[in-house]
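Here's a quick tour of a two-chain model, going from one residue out to the contact between chains. Have the viewer open as you read.

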Amino acid sequence: MNDMTKPLLSVRGLTLDIPMSNGTLHAVRALDFDLHRGETLCIVGESGSGKSLTSLAVIGLLEKNIRRNATQMNFDGTDLLTASKKQMRALRGNRIAMIFQEPMTSLNPAYTIGDQLIEALRLHKNVSREKARNRAIELLEKVGITAAASRLGQYPHQLSGGLRQRVVIAMALMCEPELIIADEPTTALDVTIQAQILSLLVDLTREMDVAMILITHDLGVVARVADKVGVMYAGELVESGPAADVFGKPLHPYTRGLLRCIPQPGKTERGAALGTIPGIVPSLIGDVKGCAFRTRCPHAVEACRDAIPERGEPPHKFLCVHPDGARAAEGEPA
Amino acid sequence: MSTPVLELRNVVKTYRVKQGLFGKPKPLKAVNDVSITLQKGEVLGLVGESGCGKSTLAKILLGLEATTEGSVLVDGEEIGEQNRLALARRIQPIFQDPYSSLNPRKTIADIVSLPLRVHNIGDAKSREKSLRETLELVGLPSRVLNTYPSQMSGGQRQRVAIARALIMHPEIVICDEPTSALDVSVQSQILNLLNDLRAEFGLTYLFISHDLAVVEHLATRVAVMYLGRIVEEADVADLFEAPRHPYSRALLNSVLTPDPSQGVPDTQLGAAYPNPIDPPSGCHFHPRCPFAQDHCKTTAPRPVPRKGGHVECHLHDPEGPMYRPDFTV
């Protein structure tokens with residue numbers, strides 16, 4: 001939280017290019033962000049905005065054909081751009097843990113929960129099987145699984161979706177990570193279970209001072225969980241800042257558009273027409289210039305075709321030709 | 001009141017599930033004594049966790065599953081007595097995933113006009129006319145007629161699915177999570193479209209969704225399902241403003257509105273969803289209910305009237321021992 005301390009993760013100018021048969025797809029363009037210990041950054045965006053690729057770029061799990069460039073990508077003193085495969089393997093699952101959307105794909109169906117939890121720890125740390133087993137039981141209890149010791153002998157298919165995701169979280173915590181990257185961790189779960197898993201993640205990251213990057217398309221999840229928010233559109237971070245600022249005073253027209261699209265109990269009139277964002281995401285193949293949102297933006301002007309200045313008062317920043325992000329044009333207080 | 005367009009009377013659907021290789025099959029009541037009436041133009045939002053029987057109910061209404069007991073009436077006529085074709089003219093589905101519900105080898109024109117051919121309605125010329133009219137209705141340009149689903153975006157595909165459902169001029173549309181697979185900006189377009197079509201044609205929807213904010217927005221009535229039973233049903237305003245059943249309250253609490261001043265809510269639903277083969281005794285909800293007492297473990301609650309509908313909870317039964325008229329959750 002303290003801006004005076006050095007960030008745990010610092011990314012500058014992250015660019016991801018994918019060569020296609022008909023040109024280069026500029027999937028992520030000039031992304032900057034910092035993450036401090038204990039902080040939760042939520043990256044929100046629609047499908048194809050590059051949010052998942054960004055997280056994979058950080059942990060070095062991109063497909064081989066994707067070209068990654070950046071001016072800086074630093075994790076607690078380790079330069080992730082020049083780190084060897086071996087160094088990256090030593091970081092992943094150890095100091096940087098991952099939680100993916102579908103727990104069944106992160107768990108091996110042929111091994112017991114216990115085997116997988118114990119292996120996660122012994123792969124990185126020189127501890128006895130027994131110690132690892134105790135840690136596994138301790139963490140299963142911590143994530144709210146009852147009769148933890150007897151669960152160790154069970155296989156993933158014997159657990160419900162919510163329990164599986166709890167096991168995945170326990171596994172991510174085995175090596176006491178400093179950073180957790182969670183990509184849509186609750187999308188496959190029921191709303192009631194979603195609330196439980198999210199509050200578990202929030203409590204655990206606070207308690208253990210773990211930083212988290214949470215990737216989601218759900219603005220409700222972002223608002224409730226994030227310290228910092230990054231809104232991605234077509235490969236760019238169009239707006240970023242503290243959660244209260246981004247939701248309280250959304251500056252980019254896309255952020256406001258998204259917020260109008262979702263029915264908000266108490267605010268939206270029942271049955272009234274919801275806001276829409278007309279048009280579709282532009283192709284990112286070939287030369288991508290100017291604001292990618294201009295084809296769908298009600299405030300687009302000629303200047304949107306040129307380079308877009310970064311505006312706002314740090315830490316709340318946005319990319320737009322309009323100094324107020326066209327808030328006045330929409331009748332919003334400046 | 002006029003004859004309801006759709007009525008379910010004490011519908012029960014029991015599956016027989018084998019336990020292990022040599023185990024004896026056990027009954028699983030996916031839908032347990034459900035009664036619903038829907039008037040023309042209403043939207044019934046059906047909410048509940050996965051495995052509660054929502055989709056089984058939708059399948060029964062579409063004639064894809066037979067009921068074990070009870071009856072389903074459309075315009076006062078029992079659907080068991082009608083043939084599948086006659087039923088399909090009146091009830092049409094829109095499914096969740098527009099990627100798997102459209103045949104990738106057929107053009108949009110083929111997909112949308114197939115119901116007309118199956119039901120032998122009109123000649124080639126009139127089919128072409130209603131095809132173009134329907135596409136216009138759902139906001140698709142006629143140039144998509146000869147394209148394939150793979151050439152379309154998710155939102156466009158869902159519009160195709162809606163066109164296919166509407167070309168038969170059905171009375172009832174079963175929407176099973178119609179926007180869950182879509183991005184928010186596309187979701188709002190589809191929700192607006194569904195709302196406009198309902199107003200224009202007086203359609204009746206059964207709207208199944210896990211997104212309660214969406215249900216609150218679109219539905220006129222809401223039914224909360226738990227382990228095969230409708231534990232609370234009421235008009236949308238009554239249910240969302242004053243949920244009576246503790247489970248309804250927990251569901252409503254779990255809605256994450258985009259309000260950064262609030263944290264993640266505590267649903268107080270400690271235990272996991274029970275195994276439907278072996279449902280808890282008494283009130284099925286008692287193991288997860290923060291208000292459960294011994295009476296709940298032994299006796300199943302009966303449906304009692306509430307403002308705008310009914311609720312099954314001992315706390316609201318004036319003749320039961322746990323009645324608390326002041327209880328609002």
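## Around Leu206(B)

Skipping neighbours within four places in sequence, Leu206(B) is in contact with Leu44(B), Leu46(B), Ala58(B), Leu61(B), Ile172(B), Ile174(B) and Cys175(B). Contact here is a pair of C-beta atoms, placed from the backbone, within 7 Å.

This is a predicted model, so local features need pLDDT of at least 70 and side-chain atom pairs pLDDT 80 or more, while totals for chains, interfaces and linings use all residues. Residues are numbered from 1 along each chain as its sequence is written, with chains lettered from A and ligands numbered from 1 in the order in which they are written.

## The core

Leu206(B), Phe207(B) and Val224(B) touch the most other members of the largest nonpolar core, which has 180 residues. Such a core is a set of buried Ala, Val, Leu, Ile, Met, Phe, Trp, Tyr and Cys residues joined through C-beta atoms within 7 Å; buried means 20 or more other C-beta atoms within 10 Å of the residue's own, also placed from the backbone.

Which helix gives the most to this core? That's α7(A), with 8 residues. Helices are DSSP runs of H or I, at least four residues, and strands are runs of E, at least two, numbered from the N terminus.

## Sheet in chain B

Chain B has an open, antiparallel sheet of 4 strands, ordered β2-β1-β4-β5. Its edge strands, β2 (26-38) and β5 (77-78) of chain B, each pair on one side only; pairing takes at least two DSSP bridges.

Strands β1 (6-17) and β4 (69-74) of chain B share 5 bridges, and Leu8(B) stands opposite Val72(B) in β4(B).

Back in chain A, the centres of domain 1 and domain 2, taken over C-alpha atoms, are 30 Å apart. Contacts link 15 residues of domain 1 of chain A to 14 residues of domain 2 of chain A. On the domain 1 side, α8(A) gives the most, with 6 residues.

Between chains, 41 residues from chain A meet 38 residues from chain B. The largest share of the chain A side, 8 residues, comes from α8(A). By class, that side has 22 nonpolar, 15 polar and 4 charged residues. Nonpolar covers Ala, Val, Leu, Ile, Met, Phe, Trp, Tyr, Cys and Pro, charged covers Asp, Glu, Lys and Arg, and the others, Gly among them, are polar.

Definitions and conventions
Two residues are in contact if their C-beta atoms, placed from the backbone, lie within 7 Å. A residue is buried if 20 or more other C-beta atoms lie within 10 Å of its own, exposed if 12 or fewer, and partly exposed in between; C-beta atoms are placed from the backbone. Domain bounds come from an automatic or database domain assignment.
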